[in-house]
Amino acid sequence: MKTILNLAMGVCGAMLALPSVAQAGGIMGTDAAHCSSGKGPAIQVNVLDLKDRRGQLKLELYPANDADFMRSDTELLAEGKVFRRVTVDAPVAGQVAMCIRVPHPGRYALLFLHSRRAQDKFDFWQDGVGLRSNTRIGRARPPLANATVEVGNGVSVLDIETQYLRGLRGFSPLR
């Protein structure tokens, strides 16, 4: 009996050592193994407040400078600069956690997108967006400071609140 109890406590302890995982289906994306193992460098994003479960969810990693943030992936890659994108189909239910690996520890800009019609181009009227800071985006291009993430050797875990266009106020959370 003591052995079973010790085993159960060991498993619980190991689970607590890893980043929190979405309850329905675990961490999603092609880089999920980096986050679920606790080995990095990687970023786990717990996505909050999706408007619906249509389309695709995307994480995009950029260099942490104003000139490159939200620039064309084609241009960044052609210049040998950091750019990564992880795309998954929106799950039908449950919490959402996504993982994106980073090339090495350092400072990056991270953008979350909810492409409700699963298109490559951002639809200002339909799609959602989120940043690390979770401050209201409004009508202007989001500042780099709101998207910057410092990543160490392990897994950095963030909660990102999705924002959608809400009339003249621009982008803001649903609540």
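Author: Begin with glutamate 60, which is buried at a relative accessible area of 6%. Buried means under 20% relative accessible area, exposed over 50%, partly exposed in between (1.4 Å probe, protein chains only). This is a predicted model: local features need pLDDT of at least 70, side-chain atom pairs pLDDT 80 or more, while totals for chains, interfaces and linings use all residues. Residues are numbered from 1 along each chain as its sequence is written, and side-chain values use heavy atoms, without hydrogens and water.

Reader: Which side chains make polar contacts with the side chain of glutamate 60?

Author: A polar contact is a pair of N or O atoms within 3.5 Å; within protein, one must be able to donate a hydrogen and the other to accept it, and residues adjacent in sequence count only if both atoms are side-chain atoms. Here tyrosine 62 pairs with glutamate 60 at 2.5 Å.

Reader: How do I read the largest nonpolar core?

Author: A nonpolar core is a set of buried Ala, Val, Leu, Ile, Met, Phe, Trp, Tyr and Cys residues joined through side-chain atoms within 4.5 Å. The largest has 23 residues; Ile43, Leu57, Met98, Leu110 and Phe112 touch the most other members. A second, separate core has 14 residues, including Leu111 and Phe171.

Reader: Is glycine 128 buried or exposed?

Author: Buried, since glycine 128 has 0% relative accessibility. Its C-alpha atom is separated by 7.7 Å from that of arginine 116, twelve residues apart along the chain.
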